[in-house]
Amino acid sequence: MRILLAHNSLYYPSMGGGDKSNRLLMEALAAGGHRVRVVARVEKFGPPAHEKLLSDLASRGVAVNNGGRDVTFVRGGVEVHALTRDQQFRGYFEAQVAGFDPDVIVTSTDDPGQLLLEIALGAPRARVVHLVRATIAAPFGPDSSMASAARTEALRRTDGVVGVSEYVARYVREFGGMEAMHVPIALMEPGEYPDVGRFENPFVSMVNPCAVKGISIFLALAERMPQVQFAAVPIWGTNAEDLAALRRHANITVLEPVENIDELLRRTRILLVPSLWAEARSRMIPEAMLRGVPVLASNIGGIPEAKLGVDYLLPVNPITRYKPAVDENMVPVAEVPEQDAGPWQAALERLTTDAAHYRELSAASRAAALHYAANLNVLPFEAYLKSLLRKPQRDRGVKGPAMSGDKRRLLTLRLKQAALRKPAENLWFSNLDAAGLRLFCFPFAGGGTLLYRSWMETLRASAAVCPVCLPGREGRLKEPAFDDMEALVAALVPAIGPFLDRPFAFYGHSMGAAIAFELARALRRAGMPLPRGLFVSAARAPQFRLGHQAQTDPDDADLMEQLRRLEGVPAEVLANPALMALAMPALRADTRLYRNYVYRPEQPLAIPLFAYGGDADPNVSREQVGAWREQTTAGFVQMEFAGGHFFVQAAAEFLALLKDGLAGLR
């Protein structure tokens, strides 16, 4: 077989459990005589990431082919093609599919936005298999952090869905309404597993301490048990706030991640896995047990399967809600419920004081894991792929297996409940229930929703005006404002996803124009629906920020003077210190966000683009507005109005022409 893995992250070297599991699975298939290719990427594109990957591979003795935009190498018999220098990952993957002509394309929840799935489904003869490694990244059901009916339907068009555990397979069948099965896809590294679990080892360790992994329980134990030495290994989920909390405890040592897990486990007396989300399985648990290190783990999701019947599954209060945002590590922001660390403390006290009990548990853990590993191989998954090749390719126009009307209605209800399960998830947007094309309106720097709310009645016959409320203002005043464009757009993608179920358009003024533009491009990269049109006002075309070098932040006096020159902020607000004190944090964050925004070229958008400017705008010229035409391959309209940067506040003529533009999109 010719097998292609769509891997929307760093394939090698990587510390993540999903990345490692994908690598071991592909290497096992290659060892079985199949031709295997992986299409992967670096975390952040550009020359520094390109050079770092070259250096990392060289330090591991891996020979590479240094391409102009990518790095290719062979590892474990697998051909790896990693895009490094530019962001055209979808096009790069599409070219790899065409050139390799695979029999099977493997996608997974490690690509939660399904950036590559639609391309895989378009392959002329390949069978598409989707691996579900994390239910939080599935687009359906109560565990999902970003439910989407459209992405669920896309999964139903695949030829097969495989869960990493029985728990996951059942979850897909129950909440996704599609067939799914569990076969081993989380293989272990071949070779010997040293017995390193010792009662005398120094640390009670936790890998990836963060909110969803149960850092709150870990910190509570460190607080209650000052005589115990703890170790924390931050990887993909640990953010700056987590690190600060860890370093406030004198009995917590923060360790660097290691590629060879034996290095950590030789120093570990007990491993803690207090996950608060429904882990699909957790490969760290059997890794530790194989080496005789006892594990205390939460009793949710697929973790009981990973524990292999060995004692110490402990209760937690699981996460059930996520905020419509991601943190600096692009991890969904969870609403973490209160936890009872008491059972964990009791178990840990016994294991750290009763040497005989510790050694008994260590031996039982190692025996169960060695038996499991001895019977673990790629053959069931290989047989599953071969069985798919004996069947006709699924008709990509048929969206999944037939379901009864009642079952489909029940599924639709569940998807809606998952997408809208609490009002706080709609803090980003308002007026979502109004009829008609949704016009999502993005604010200028320091702005809120007030201007756009005033448009609702005037535009009601043409569109439902849906103002976008960013963190740090109005009803979200206590939330920290975003000061980085990439992070803001990454948070907006999952937040807006559930509301792209009917025609929509984007409007943005000044800074809001850049946000709307970058969000449209992000939706395109994620394979999600695109707006029917993009409306921008009082904004230079983004290509003027190609290679932009950010300037230093202005002081308060300079910032106030800039606001006065724009003649858009009411004088009574500028003269009111109390009001300005409330507005200044958002203004500072917004100006920093736009000041640091750097445009990266991509293909123009295939949607109509309407660009509006003021004839007396001191910051944006007619030519700079007209240059937006380079960002579309569809229709382009440019209009100029009397007024300065905030010409839209003299609304009558502007709104009349905006209505005309919206009418053409329906």
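The protein chain holds 24 helices and 23 strands, taken as DSSP runs (H or I of at least four residues for helices, E of at least two for strands) numbered from the N terminus. This is a predicted model, in which local features need pLDDT of at least 70 and side-chain atom pairs count only at pLDDT 80 or more, while totals for chains, interfaces and linings use all residues. Residues are numbered from 1 along each chain as its sequence is written, and side-chain values use heavy atoms, without hydrogens and water.

Of the 666 residues in the protein chain, 57% are buried; buried means under 20% relative accessible area, exposed over 50%, and partly exposed in between (1.4 Å probe, protein chains only). The accessible surface of the protein chain is about 27,100 Å², and 53% of this belongs to carbon and sulfur atoms. Areas come from the Shrake-Rupley method with a 1.4 Å probe. Among contacts (heavy atoms within 4.5 Å) between residues at least 6 apart in sequence, 74% join residues at least 24 apart.

| Residue | Relative accessible area |
|---|---|
| Asn8 | 18% |
| Arg390 | 66% |

Asn8 lies in the loop between β1 (2-6) and α1 (17-31) and is buried. Beyond residues up to four places away in sequence, Asn8 touches Arg41, Phe89, Asp110, Asp111, Leu115 and Leu116. The C-alpha atoms of Asn8 and Ala40 are 5.6 Å apart in space, although the two residues are 32 apart in sequence.

Arg390, in the loop between α14 (379-389) and α15 (405-419), is exposed. Lys386, Arg390, Lys391 and Arg394 form a positive surface patch. Patch residues have over 30% relative accessible area and no salt bridge, with like charges joined within 9 Å and nonpolar side chains (Val, Leu, Ile, Met, Phe, Trp, Tyr) within 5 Å. A salt bridge is a side-chain nitrogen of Lys or Arg within 4 Å of a carboxyl oxygen of Asp or Glu.

Note on methods:
Lys, Arg positive; Asp, Glu negative; His and termini not counted. Charge placed at Lys NZ, Arg CZ, Asp CG, Glu CD.
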